[in-house]
Amino acid sequence: MAAYLIINYDVSDLDSLEVYRHAAVPSLTGPAKRVARVVTDQTIDLGEGRGAGTDTVILEFPSVQAAQEAFKAPEYQAIIGDRLAATSPRFAMIVPTRAT
């Protein structure tokens, strides 16, 4: 069952975020790992809850376990602080899919 890792935030330091993104892409979406589905700086908030940040990343993984492993991987954990320092995080979640 596929799963989506969804991260949403407001950017406070675009230059630092770009450095993070350059490092994060190979660890999260490298060869034969995962497929990046959406990366946007034009997230539209629909007015429910606390509100969405401006930037959203959605990555598709083959399973919840694969998404958790990618997020918790040492190479990603080594750079996640760079994203947190360059943004105001709104939310990060893993959403499993199910057959319909």
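Predicted model: local features only at pLDDT ≥ 70, side-chain atom pairs only at ≥ 80, totals over all residues.
View 1. Helices (H or I, at least four residues) and strands (E, at least two) are DSSP runs, numbered from the N terminus. Thr 87 is buried, at 5% relative accessible area; buried means under 20%, exposed over 50%, and partly exposed in between, with a 1.4 Å probe and protein chains only. A polar atom of the Thr 87 side chain sits 2.7 Å from the backbone oxygen of Arg 83. Setting aside neighbours within four places in sequence, Thr 87 is in contact with Tyr 9, Asp 10, Val 11, Ser 12 and Leu 17, contact being heavy atoms within 4.5 Å.

**View 2. The buried side of helix H2.** H2 covers residues 64-72, and its buried residues are Ala 66, Ala 67 and Ala 70. These three take up an arc of only 100° around the axis, so they are on the same side of H2; the arc is taken from the directions from the helix axis to the C-beta atoms. The background is simple: an α-helix has 3.6 residues a turn, so residues three or four places apart point the same way. Look at the face turned away from the buried side and you find the exposed residues Gln 65 and Lys 72. What do the buried residues of H2 pack against? Their partners are helix H1 (14-29), strand S3 (55-61), helix H3 (74-77) and strand S4 (87-96).

**View 3. Helix H1, kink and all.** There is a kink of about 30° at Ala 23 in H1, shortly before the proline Pro 26; the bend at a residue is the angle between axes fitted to the seven residues ending there and the seven starting there. Even so, the end-to-end length checks out: at 1.5 Å a residue, the 16 residues of H1 should span 22 Å, and the end C-alpha atoms are 21 Å apart, which agrees. That expected span is 1.5 Å times one less than the number of residues. Buried in H1 are Leu 17, Tyr 20, Arg 21, Ala 24, Ser 27 and Leu 28. Their cover includes S1, S3, H2, H3, H4 and S4. Leu 28 has a relative accessible area of 6%, and its C-alpha is 15 Å from that of Leu 17, 11 residues away in sequence.

**View 4. The largest nonpolar core.** A nonpolar core here is a set of buried Ala, Val, Leu, Ile, Met, Phe, Trp, Tyr and Cys residues joined through side-chain atoms within 4.5 Å. The largest one has 17 residues, and those with the most contacts inside it are Tyr 20, Ala 24, Leu 28, Leu 59, Phe 61 and Tyr 76. Strand S1 (3-11), H1, S3, H2 and helix H4 (80-86) each put in at least two residues. The largest share, four residues, comes from H1.

**View 5. Asp 55 and its polar partners.** Asp 55 is in strand S3 and is buried, with a relative accessible area of 5%. Its side chain makes a polar contact of 3.1 Å with the side chain of Arg 21 and another, of 2.8 Å, with the side chain of Thr 54. A polar contact is a pair of N or O atoms within 3.5 Å; within protein, one must be able to donate a hydrogen and the other to accept it, and residues adjacent in sequence count only if both atoms are side-chain atoms. Thr 54 itself belongs to the loop between strand S2 (35-40) and S3 and is partly exposed at 37%.

**View 6. Pro 96 and beyond.** Pro 96 is in strand S4 and is partly exposed at 47% relative accessibility. Apart from residues up to four places away in sequence, Pro 96 touches Met 1, Ala 2, Ala 3 and Val 64. Arg 98 is in the segment after S4 and counts as exposed at 73%.

Methods
Residues numbered from 1 in each chain as written. Heavy atoms only, no water.
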